[in-house]
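Thanks for sending this one over. Please have a look at it below, and then let's go through my notes point by point.

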Amino acid sequence: MRPLSDIRELTEPSLVDALEKRPTTSVHRQHSARISRQSSLRRGPSLRRAGSVRIIEPIGSSSSSYKDDLVASESTIDTPESLRDGSSLYGIPISSIPARQSSTTRDRQKHHRSTTSRSSPTSVQRTANRTIPYRGPTHSPVKQVRARLDAVGSDTSRRTPSATFIRNPVPRDILEFPTHRHPRIGVDLQIAAPLFVGGGTVEGFVRVIIDEADKSRTKKSLTLGRIAVDLVGTEETSSNRKAIFLSLGTELIDSTHPPPRNMIEPQDFPDADCFWSLVPSFTSLPFVISLPLDTGPPPFHSKHARIRFVLCATILIKDGGRQYLVRCSEDIAVLPTYDPEKALRSLPSPLTASDEQSFSRSGLLETAKMTAGLHRQVWVSGSSIFVDIHIANGSRKTIKKLDLSLERDILCYRHAAAATLEQSASQARIFESNERSILSKHSMKQGANGWTGVEAYGSITRTCDLEIPRGHATVKCGNFFEVRYFLNVTVGGSRTKILSVQLPIIVIHMNSLDVLPNSVAQVAAAIEEKRTHHRSHKRVTSQASTQVAQSSASPGRVAAAAMTRPSRLQGRAFAAPRQQSLERLRASAADLRQLEEALESSPRK
């Protein structure tokens with residue numbers, strides 16, 4: 001059984017797995033007459049948890065905001081090829097950074113200066129480790145009705161860019177300046193659902209309104225450079241401390257995705273800096289952001305701490321030759337997705353806690369003991385916790401009262417967590433404050449609800465339940481705080497408390513298991529990818545161990561092992577829609593393969 005002091009969420013990856021998945025970037029110096037600028041890469045953060053897309057930077061490190069990058073790169077704008085590395089959308093291009101070279105080479109080039117024009121930055125492709133795979137759009141039962149009844153415009157029929165990447169460095173200025181306005185351009189976000197889950201997609205529209213120019217501004221042209229959508233997950237405290245653990249982005253308009261024709265001048269082509277001339281219009285641009293299975297902690301809000309997800313749309317324009325940002329932001333709800341067959345599985349051994357108290361009466365020693373146990377540690381908010389309680393009353397007093405309560409503790413930390421290359425010591429800290437509250441409580445008194453108490457020198461075993469309020473979830477230990485839940489069980493007399501135990505539990509959101517119906521196919525594909533990747537690493541070792549076990553075990557032991565396998569796993573009911581959707585995807589893929597084989601074997605090919 002796991003130690004009680006180090007209880008984590010079941011799907012949290014370890015730092016060892018994160019270090020194995022972390023891409024290693026090495027910079028090779030080439031001392032030659034002409035040094036390649038493709039080797040100059042930006043340094044990443046000091047620690048990255050690849051499994052949960054968690055990005056942690058040292059305290060005090062500052063990343064340049066969009067506005068600072070615009071001032072620094074006023075004469076040089078990033079071309080779309082330089083944005084392939086997933087860096088800041090408006091950062092300084094790699095070609096603007098001078099390459100390392102010796103003083104001898106610099107002196108030689110001083111007398112042989114070339115008169116050619118500015119070279120375009122080299123293309124840096126995004127690696128697979130920094131992109132989130134696209135698993136198709138959501139499947140809504142009314143999309144066919146919408147396609148049949150609604151009018152189809154050029155902007156709505158536009159192909160949605162599906163490239164989602166991890167933005168690095170993280171756009172911290174989105175949290176500081178979530179809104180930028182311009183008198184001639186209006187922008188707002190329209191999301192497609194109130195809740196999104198890991199493994200699915202965040203879908204919606206970016207509505208852009210371009211007004212006509214005033215009479216005093218008719219000579220000033222308005223041009224468009226970029227439109228991007230970002231999703232930022234942040235951890236915040238009341239002392240204005242913030243840490244970003246999720247940063248995803250997608251680009252709607254660049255050189256590879258030009259604006260719709262109704263936004264720009266007829267027969268207009270982008271200039272050298274990839275800017276298009278705009279005309280008065282009203283346009284809705286669809287966007288899609290793919291989510292990983294583990295999106296980090298769920299949304300949380302309290303008096304001193306909160307977890308929130310910010311969806312932001314940013315537009316880069318030029319008005320009269322000067323660059324401006326137009327931005328709007330909106331908070332959305334994003335939940336991580338757990339595999340029901342693993343999250344709701346029983347523990348290898350029950351989680352138990354005991355309390356014992358002795359009394360001395362007339363020279364005799366009397367003892368009362370209580371033991372409470374749970375068959376699993378993960379429970380769903382909005383449901384009930386079932387706990388087994390055994391009370392052995394070895395005293396003359398009658399136990400008349402049994403209390404159950406759900407306690408929530410918000411532990412806030414002042415200092416940053418220490419860590420090594422192998423593991424993190426996030427919980428090896430002294431918390432600065434503890435906000436303790438009782439969320440629900442249930443009392444059982446003698447003579448009510450089938451509870452007759454425990455008589456003197458008697459014992460009883462009973463299963464009790466306690467309802468968990470909706471909307472609560474455990475928040476694992478982060479940079480500044482964590483949220484824990486405990487089940488408290490207390491027994492005693494009518495006015496006194498004799499015995500008390502506390503069991504730590506993990507509370508997850510209902511929709512982390514029972515995902516939205518429109519996202520079932522996407523989540524099924526994501527979980528299948530994760531399982532396939534996990535099985536590919538353990539296939540050889542498992543086959544070898546199975547052969548050794550079967551050769552060494554007797555037939556009787558093999559039959560006994562087969563009989564002891566569980567015939568039903570907890571959470572199989574939640575996994576049924578996902579399995580059905582996965583079977584449909586496999587059947588569709590089989591039909592496509594059959595059609596492809598028929599076309600290949602056709603004599604008319």
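What percentage of the 605 residues in the protein do buried residues make up?

1. Let me begin with the overall picture, keeping in mind that this is a predicted model. The answer to the opening question is 42%. As for secondary structure, you will find nine helices and 26 strands in the protein. Among the contacts with a separation of 6 or more, 75% are between residues 24 or more positions apart.

2. The largest nonpolar core has 80 residues, and the members that touch the most others are Ile 389 and Phe 481. Strand S13, which covers residues 305-319, is the element that gives the most to this core, contributing seven residues. Where does the core sit relative to domain 1 and domain 2? Both domain 1 (141-336) and domain 2 (341-417 + 429-512) give residues to it, so the core lies between them. There is also a second, separate core, made of 10 residues, including Leu 195, Val 197, Val 515 and Ala 526.

3. Now the aromatic residues. The structure holds two aromatic pairs. One of the aromatic pairs is formed by Phe 245 and Phe 309, with an edge-to-face arrangement: the centres are 5.7 Å apart and the angle between the planes is 90°. Phe 245 belongs to strand S9 (residues 242-253) and Phe 309 to strand S13, so this pair ties together parts that are 64 residues apart in sequence.

4. Lys 318 lies over the face of Phe 275, at 4.6 Å from the ring centre. Arg 376 lies over the face of Trp 379, and here the distance from the ring centre is 4.2 Å.

5. Finally, do zoom in on Thr 490, which is found in strand S25 (residues 481-492). Why does Thr 490 count as buried? Its relative accessibility is 11%, and the cut-off for buried is under 20%, so Thr 490 falls in that class. The side chain of Thr 490 makes a polar contact with the side chain of Ser 500, at 3.4 Å. If we leave aside neighbours within four places in sequence, Thr 490 is in contact with Lys 401, Leu 402 and Asp 403, and also with Lys 497, Leu 499 and Ser 500.

Terms used:
Residues numbered from 1 in each chain as written. Predicted model: local features only at pLDDT ≥ 70, side-chain atom pairs only at ≥ 80, totals over all residues. Heavy atoms only, no water. Core = buried A, V, L, I, M, F, W, Y, C linked by side-chain atoms within 4.5 Å. Buried < 20%, exposed > 50% of the residue type's maximum accessible area, 1.4 Å probe, protein only. Helix = DSSP H or I, 4+ residues; strand = E, 2+ residues; numbered from the N terminus. Domains from an automatic or database assignment. Phe/Tyr/Trp six-rings, centres within 6.5 Å; stacked < 30°, edge-to-face > 60°. Lys NZ or Arg CZ within 6 Å of the ring centre and 35° of its normal. Polar contact = N/O pair within 3.5 Å; in protein donor to acceptor, adjacent residues only side chain to side chain. Contact = heavy atoms within 4.5 Å.
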